[in-house]
Amino acid sequence: MVLSKAVPSSSHDASLDCTFASRYVRAPLPRFKLPEESIPKEAAYQVINDELMLDGNPRLNLASFVTTWMEPECDKLIMAALNKNYVDMDEYPITTELQNRCVNMIAHLFNAPIGEEETAVGVGTVGSSEAIMLAGLAFKRKWQNKRKAEGMPYDKPNIVTGANVQVCWEKFARYFEVELKEVKLKEGYYVMDPEKAVAMVDENTICVAAILGSTLTGEFEDVKKLNELLTEKNKETGWDVPIHVDAASGGFIAPFLYKDLVWDFRLPLVKSINVSGHKYGLVYAGVGWVVWRSKEDLPDELVFHINYLGADQPTFTLNFSKGSSQIIAQYYQFIRLGFEGYKNIIENCMENAKVLRQGLEQTGKFNIVSKEVGVPLVAFALKDRTYYTVFDISENLRRFGWIVPAYTMPADAQHIAVLRVVVREDFSRSLAERLVSDIHKVVQELDEQVKHVTKVVTTQVDITARGGGTDGALVHKSEQEIAEEVITYWKKLVSRKKTSGVC
Amino acid sequence: MVLTQVHQPEEGSSTFFGSVFSSRYVQDPLPRYEMPQKSISKDAAYQIIHDELLLDSSPRLNLASFVTTWMEPECDKLMLEAVNKNYADMDEYPVTTELQNRCVNIIARLFNAPVSEKEAAVGVGTVGSSEAIMLAGLAFKRRWQNKRKAEGKPFDKPNIVTGANVQVCWEKFARYFEVELKEVKLSEGCYVMDPVKAVEMVDENTICVAAILGSTLTGEFEDVKLLNDLLTAKNQKTGWDTPIHVDAASGGFIAPFLYPELEWDFRLPLVKSINVSGHKYGLVYAGVGWVIWRSKEDLPEELIFHINYLGADQPTFTLNFSKGSSQIIAQYYQFLRLGFEGYKNVMKNCMESARILREGLVRTGRFDIISKEKGVPLVAFLFKDMSHNSAMKLATLLRRYGWIVPAYTMPVNLEHMTVLRVVIREDFGRPLAEKFLSHVAMALDELDSSSKAPLVPALKHTIEVVSCTDDANQPFMVRVLPQEAEPVKKTVPLLTGKTKGVC
């Protein structure tokens, strides 16, 4: 809809001004109140585009697992689907069918016990957060029904996970009133210990959640061992505690790289799995998947059959209206890449992670905390933390454009602080080498600075000692003491910015 | 990342250089259940999916949905540029985060939230009104629980009072978060929640009363002011502090522009939170909603997560975590581009189109209009004889012309009414309205002519009774003569010589 206005010929025709000549770039931006008047669309575009230039560059954001590059053909499909509301299943039957096909494919990838042409039980979500909440809800409801049937109290459900869980588990626990029992970590062991987990299981446990691809170090938890130990405990106690696997990152890695790793529905206690389409599913932010083992694992009372807009639509999601673009993009990736394509990409990522890891080891300054088997990421800590910390390195890398997060581990390993680089599909070898050299530069600069400071301090002490004191006692401080004071000051400066959680 | 492969000589150059439609890709069956083993070229992948999606309905002719189906190309550009930004990375994309905050502030002031000029409002962007309502409901539930705990009273049976015309997301909230839903039944002529009945249903376990501004079924605005007055009186008597939530999913971006004197928002003291869909009359594509709280006190601090995410403390209270940033940026674009006058003009145009549609339908003499003139620009109508079959048939006939008009039965107490509903969006102008009316006229003609002709050809049986005088035991013989189908009168055009079609 073009807004046109008649302009008298004598006056200056402001509508002909290019955006940067117009008054629009002089006016302050609306921050609190809706502006009274409209402005031309070119001006609106330019103003917003310019502000957004100051955002970080998504592809240099090494903090995130979420995909930042897709093929232009896929971008075309995404743009064409922008105006399709996914939930209008009756109006857009093909789009709905694409979702169903994706669910089937993912279920088969995870070895769900379904026949060749049988439809799997699962749904597309906005991300793993929603997927986990749905899975958790299903477990909670199953457990409640079981306890009601047994005539036992059902008001104190709990869930057992490792302390390395991503924040969405804590959200689930808090919003849905389930107690979160966390297995604490320890130095050198940054995932959930299956034995400790099983020891924490009690009659109120609705499920045990294992992570395939820990956020912090990329490790895969030992789901097989958990399954064995939990099966034993179930036999002893008669409780039927199931397992949920949070495969947000690992779900699209393990089936391609580690086929022999048994972690999915091949283990009988695993009842549901979630995976993020927007991590190693290689789609932009906004799509996740949750798959259940079978119909019995999803209580029918949670599924809504609504007569919205004319047709019967079964729905079990927290969100309703949302875009269709990411679902279509996920199907695109499945048929475009196929099994071999995904495998090739993940292998490339692991290769680049290796290049990064070796480059860092060569500097001699870092300990690598992440394992070689797992999600392609490199988590590393400083060997020597006296003069500067990983937070300094993170700050300084920003100058080069890199965003590399630094964070402390959760309880009980809070004294360990690491930097973490996630290797995504679009992080090529050349970028990896460049990152290594930039880290090298930063570390060298920091070393130089430390030497410089201690030198200055030493000189000043000499002068004071030689020149005699002020009125009062002469304070003699040794070189060592001054250096220590400076270091403590730096440490305090940095530790104020310590982060404790990570996603 | 370009996947390069060494092509085996026997494949032949035709597969590599051939156009998509000459290749084997369009002959292979589409993967439906299992991920294909091999990759295919990106052009093939794009083409295959694009072609399948041709069979989806046209979003702009989908008259069932409130959700925006058209935006300016400049905005599309911004959205595509932001498609690889994960909204949850607040530290990496500070400008995007700030745009969300500005939108929240703008919407809060549009709803007359009691915040001072430069004060930051309390609210958040969500994926849609479903998530917004769940967050608002959670806040009410937690506040009520805390109050009851402090009073030493039981807090295990919370309930919420709404009209039976609520959208399904309220039922979802009730079922997933274990809150009882007490619905005020509708009655003929009154298709919204009756404030008097609602207040009667309020008891000590009621966490809030939810009023709808813009009922899904008929577009009406509920009388929030009356509800506020009655509820205040009841609160004074009982000492309970029952608050109000306004579900302004559609109406929130209509009332402030068209009916500024209508008091429905934070001007009423009992209204503690309001949700609105950015993707309805906020004029953004599917995937964005907003929820605003009156003040900090109305959002219990314990529900907010402070995650130290990659360096900065960011308070977060949403169900979803990773998601795209495009829609948030698009919302800000619309605020900046249109301003108050722009939104007002768009709404006025919509109401005008709705009026034309309404008058056109009344002129046919076949319909009763049950939507009001004041409310969301939509027209809900039913056949004067309330025929269910006619309504369904009309919807089917209109589909043939490309229009999607839903026919649905009203909720409990009114199931005998089958209503057709046309939603007027920004991109449904007068030309389309008039075209639609002409198609309705054509469809009515067809409906009438098909109902006059018999559906099944009548069969004529001739029974012959013959008296057999020679056989004493069986004096009569009965015979059924061959059946004749009665011809159905239908005209079939005969093509004689000249062709009538055009090439």
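Predicted model: local features only at pLDDT ≥ 70, side-chain atom pairs only at ≥ 80, totals over all residues.

Residues are numbered from 1 along each chain as its sequence is written, chains are lettered from A and ligands numbered from 1 in the order in which they are written, and side-chain values use heavy atoms, with hydrogens and water left out.

**Stop 1: H1 of chain A**

Stay on H1(A) and show its side chains. The buried ones are A:Ala43, A:Ala44, A:Tyr45, A:Val47, A:Ile48, A:Asn49, A:Glu51 and A:Leu52. Buried means under 20% relative accessible area, exposed over 50%, and partly exposed in between (1.4 Å probe, protein chains only). H1(A) has twelve residues and reaches 16 Å from first C-alpha to last, close to the 16 Å expected at 1.5 Å a residue; the expected span is 1.5 Å times one less than the number of residues.

A salt bridge is a side-chain nitrogen of Lys or Arg within 4 Å of a carboxyl oxygen of Asp or Glu.

**Stop 2: H2 of chain B**

Move to residues 42-53 of chain B, which form helix H2. Its twelve residues should span 16 Å at 1.5 Å a residue, and its end C-alpha atoms are 16 Å apart, which agrees. Buried here are B:Ala44, B:Ala45, B:Tyr46, B:Gln47, B:Ile48, B:Ile49, B:Glu52 and B:Leu53, and their cover includes H2, H3 and H9 of chain A.

Zoom in on B:Glu52. A:Arg101 forms a salt bridge with B:Glu52, the closest N and O atoms being 2.9 Å apart. The pair crosses between chains, from helix H3 of chain A to helix H2 of chain B, and both residues are buried.

**Stop 3: the whole interface**

Zoom out and select everything in contact across the two chains, taking contact as heavy atoms within 4.5 Å. How many residues of chain A are in contact with chain B? There are 124 of them, meeting 124 residues of chain B. The chains bury about 11500 Å² between them, 60% of it on carbon and sulfur atoms; buried area is the accessible area (1.4 Å probe) that two parts lose on being put together, summed over both. In chain A, color A:Phe32, A:Leu34 and A:Tyr175, which lose the most area to chain B, together 8% of what that side buries.

Next, show the charged pairs. One to pick out is B:Arg399 with A:Asp90, where the closest N and O atoms are 2.6 Å apart.

**Stop 4: salt bridges within a chain**

Select A:Lys156 and A:Asp155. They form a salt bridge with closest N and O atoms 3.9 Å apart, and both residues are exposed.

In chain B, B:Asp448 forms a salt bridge with B:Arg366 at 3.0 Å between the closest N and O atoms. B:Asp448 lies in helix H12 (residues 430-452) and B:Arg366 in the loop between H10 and strand E10 (367-369), so the pair ties together parts that are 82 residues apart in sequence. B:Asp448 is partly exposed, with a relative accessible area of 25%, and B:Arg366 is partly exposed at 27%.

**Stop 5: two loops in chain B**

Finish with two backbone details. B:Glu178 sits in the loop between helix H6 (168-176) and strand E3 (180-184). Its phi is near 55 degrees, a positive value in a residue other than glycine. At 30% relative accessibility, B:Glu178 counts as partly exposed.

B:Met386, in the loop between strand E11 (378-383) and helix H11 (388-401), has a positive phi near 55 degrees. B:Met386 is partly exposed, with a relative accessible area of 28%.

Definitions and conventions. Helix = DSSP H or I, 4+ residues; strand = E, 2+ residues; numbered from the N terminus.
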